[in-house]
Amino acid sequence: MGDSQSPCTASLPVFRPLTFAHFSENMLHYFSLHAKRIVTEKCEEQLKHVVRKPKLTEVVAMKELLDTAAAEGKVLPRELPELYENVRDFYVYVDDHGIGGLVALHIDMVNLAEVRSLVVREDLRGQDIGKKLLDAVLEEARRLDIARVYAFSRVPVFFEKNQFRQIEKDQLPYKVFKDCLRCRLYPECDEVALIRDLSGEALENGE
Ligand SMILES: CC(C)(COP(=O)(O)OP(=O)(O)OC[C@H]1O[C@@H](n2cnc3c(N)ncnc32)[C@H](O)[C@@H]1OP(=O)(O)O)[C@@H](O)C(=O)NCCC(=O)NCCS
């Protein structure tokens with residue numbers, strides 16, 4: 001065999017002395033990974049303690065919070081496929097323990113939308129997070145030029161504090177009740193319908 005490598009050493013790695021170029025390349029790689037980690041951690045931190053749109057990776061945790069409130073009959077349960085399909089309806093509040101609150105704005109028709117699935121984690125209640133979540137969906141409704149926003153709730157006081165007024169359910173169009181059919185309380189529902197008229201309200205940024 002004219003080959004200088006014998007068959008038994010052919011698979012062994014070839015030793016190459018570490019040159020300065022290799023060393024600096026490795027250091028660069030190490031520092032760029034480190035910088036990337038710092039940036040990622042900073043971004044994650046910025047996503048906390050604010051009301052914002054959810055990430056798809058947060059949907060399972062959103063469902064868990066919804067399920068807790070749904071088990072108490074406070075909101076309707078939502079299945080995962082429905083949550084993924086409607087994820088753009090939602091806003092969330094996240095802290096170090098995960099999803100701390102959520103809410104959705106669901107459009108029914110050209111001039112009407114529902115505030116639904118509003119839940120704040122029990123340990124965070126009474127700190128204005130519910131109000132901030134509500135404000136986020138109201139601002140989106142104004143931006144979309146939606147005239148009226150309604151909610152069904154057993155906590156009318158929360159909505160009344162936020163300029164909603166109680167109405168008779170039959171003042172709402174029939175189609176908004178289609179979800180009620182899958183509620184375990186149907187037809188003996190004790191929820192109150194509340195509405196807020198947004199026409200004439202300016203956007204918060206003054207637009
Ligand atoms: C309703 C809910 C979202 C409010 O969230 P929150 O972060 O506590 O609300 P805020 O801190 O912005 O506002 C609190 C105010 O709402 C009112 N409020 C909220 N929950 C209330 C309740 N269960 N009973 C009576 N009043 C209540 C109070 O007037 C309170 O004002 P106060 O602190 O001055 O007493 C929260 O209690 C919750 O998740 N409840 C379970 C799910 C639910 O009922 N959702 C509404 C269905 S649409």
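Residues are numbered from 1 along each chain as its sequence is written. Because the model is predicted, local features need pLDDT of at least 70 and side-chain atom pairs count only at pLDDT 80 or more, while totals for chains, interfaces and linings use all residues.

**View A. Strand 7 and its antiparallel partners.** Helices (H or I, at least four residues) and strands (E, at least two) are DSSP runs numbered from the N terminus, and two strands pair if DSSP finds at least two bridges between them. Strand 7 (residues 192–197) runs antiparallel to strand 5 (residues 148–153), with six bridges joining them. Look for Ser-153, whose bridge partner in strand 7 is Val-192. Strand 6 (residues 165–167) is also antiparallel to strand 7, through three bridges; here Ile-167 has Ala-193 as its bridge partner.

**View B. Tyr-84 in helix 3.** Helix 3 spans residues 80–85 and contains Tyr-84. Tyr-84 counts as exposed because it has 12 C-beta neighbours inside 10 Å (buried means 20 or more other C-beta atoms within 10 Å, exposed 12 or fewer, partly exposed in between, with C-beta atoms placed from the backbone). The C-alpha atom of Tyr-84 is 7.3 Å from that of Leu-56, although the two residues are 28 residues apart along the chain.

**View C. The shell around the ligand.** There are 20 residues around the ligand, each with its C-beta atom, placed from the backbone, within 6 Å of it. Lys-74, Val-120, Arg-125, Gly-130 and Lys-131 come nearest. Strand 4 (112–120), helix 4 (129–143), strand 5 and helix 5 (156–160) each supply at least two shell residues.
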